[in-house]
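Please open the structure in your viewer and keep the selection panel at hand.

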Amino acid sequence: MTIQWFPGHMTKAKRTIAEHIKTVDMVIELRDGRIPMSSANPMLQEIIAEKPRLIVFTKRDMADETVTKQWIEYFEKGGQSVIFIDSQKDNVKRILIDNCLKVMDEKIQRDLRRGIRPRAIRAMIVGIPNVGKSTLINQLAKRNVVKVANRPGVTQSIVWLHIDPRLDVMDTPGILWPKFDDVRVGMKLALTAAIKEQILPIEQVVAFGWQYLQNHYPAVLIQRYGPETVSDSVEDFIERTARKFGFIMTDNEIDKKRTMAAFMTDLRQDQLKSISWERPDEYL
Ligand SMILES: Nc1nc2c(ncn2[C@@H]2O[C@H](COP(=O)(O)OP(=O)(O)OP(=O)(O)O)[C@@H](O)[C@H]2O)c(=O)[nH]1
Ligand SMILES: [Mg+2]
């Protein structure tokens, strides 16, 4: 198994974020709520250094509610500010303003004691591909937003979105490359469409995905593929699924490639709802 590390992309992403980090008060780190650990970037801490951070887990609607509750407990025990949201339905503007104010409260109070009137918090949104950075920014920017380009002295002029008198958000999110030297992390990134599926061998991703569903969500498999596809092995599952859906080649052999591709598409296009691909007990 080759280990993907994308040094070129990572260096560029790191440089861009590092360049802009000085101009913000805090970082809003987006992660995929279905894979709260695997969608993190281990280098972020190093890049943002001392900046306060709010971790926002997106796609709450696609995750398993029970597991999400366990994750909230897990992070709160660690003293980390986290929120789980559905960017398409929640009032993300209110939620983000409230939580950014909470994260910055100490500084705001300190400023007030010194007689400094608080200005809008400046935040930068960062996250790996496909976590919902653009969706969130669009939701935030929906109404009453004045785009103002300013902050000279950096290579690119930055556009700030005035979300509210209390919050400004940089309109270019920082894209972090996912890092995975753990093969399982790569699998989860492939299953949730954070990385191209071709990056890892499809047989392995399908086997991982099926085994995980078999262990944690057998009912979901049955509901989607039918009781006749219940199997003890992924090979058997592919065989039964291919026959059920008619993915057969001329010589009556199953079309394994097509079946695996269909399974991957189901997962990546979120046909299977309410699934969390990792759990806190893996990280205790
Ligand atoms: N169900 C659901 N879908 C979401 C949510 N947030 C984002 N999405 C979807 O996730 C996909 C990726 O969202 P984007 O906003 O394009 O993600 P991004 O981080 O900007 O991705 P890149 O620009 O590729 O780095 C889109 O299909 C969104 O509609 C959410 O909270 N719930
Ligand atoms: Mg985007």
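The model on display is predicted.

**Stop 1: the domains.** Begin by colouring residues 7-175 as domain 1 and residues 194-268 as domain 2, the two parts into which the protein is divided. Taken over C-alpha atoms, the centres of domain 1 and domain 2 are separated by 36 Å.

**Stop 2: the ligand shell.** Next, select ligand 1 together with its surroundings, which comprise 14 residues. Asp 61, Ser 87, Lys 133, Ser 134 and Thr 135 are the closest of these. Colouring the shell around ligand 1 by class shows four nonpolar, six polar and four charged residues.

**Stop 3: polar contacts of the ligand.** For Asp 61, draw the line from a polar side-chain atom to a nitrogen atom of ligand 1; the separation is 2.6 Å. For Thr 135, an N or O atom in the side chain lies 2.6 Å from an oxygen atom of ligand 1.

Stop 4: Which residues are the closest to the centre of the second largest pocket? Select Met 37, Ala 40, Asn 41, Pro 42 and Lys 179 to find that centre. The space in this second largest pocket amounts to about 220 Å³. Its lining consists of 17 residues; by class, seven are nonpolar, four polar and six charged. To place the lining in the fold, highlight strand S1 (26-32), helix H2 (44-48) and strand S2 (53-58), each of which supplies at least two of the lining residues.

Stop 5: Rolling a probe the size of a water molecule over the atoms shows where empty space is left. In this structure there are three cavities of 30 Å³ or more. Turn to the largest cavity, which holds about 60 Å³ of space. To display its lining, select Arg 34, Met 62, Leu 267, Asp 270, Leu 272, Ile 275 and Trp 277. By class, the lining of the largest cavity has five nonpolar and two charged residues, with no polar residue.

Notes
Residues are numbered from 1 along each chain as its sequence is written. Chains are lettered from A and ligands numbered from 1 in the order in which they are written. This is a predicted model: local features need pLDDT of at least 70, side-chain atom pairs count only at pLDDT 80 or more; totals for chains, interfaces and linings use all residues. Side-chain values use heavy atoms; hydrogens and water are left out. A residue is near a molecule or strand if one of its heavy atoms lies within 4 Å of it. A polar contact is a pair of N or O atoms within 3.5 Å; within protein, one must be able to donate a hydrogen and the other to accept it, and residues adjacent in sequence count only if both atoms are side-chain atoms. Ala, Val, Leu, Ile, Met, Phe, Trp, Tyr, Cys and Pro count as nonpolar, Asp, Glu, Lys and Arg as charged, and the others, Gly among them, as polar. On a 1 Å grid over the protein atoms alone, a cavity is a set of points where a 1.4 Å probe fits but cannot get out, and a pocket is an open set with protein on both sides within 12 Å along at least five of seven lines; lining residues have an atom within 4 Å of a point. Grid points are joined across faces, edges and corners, and a volume is the space filled by probe spheres set on the points. Helices (H or I, at least four residues) and strands (E, at least two) are DSSP runs, numbered from the N terminus. Domain bounds come from an automatic or database domain assignment.
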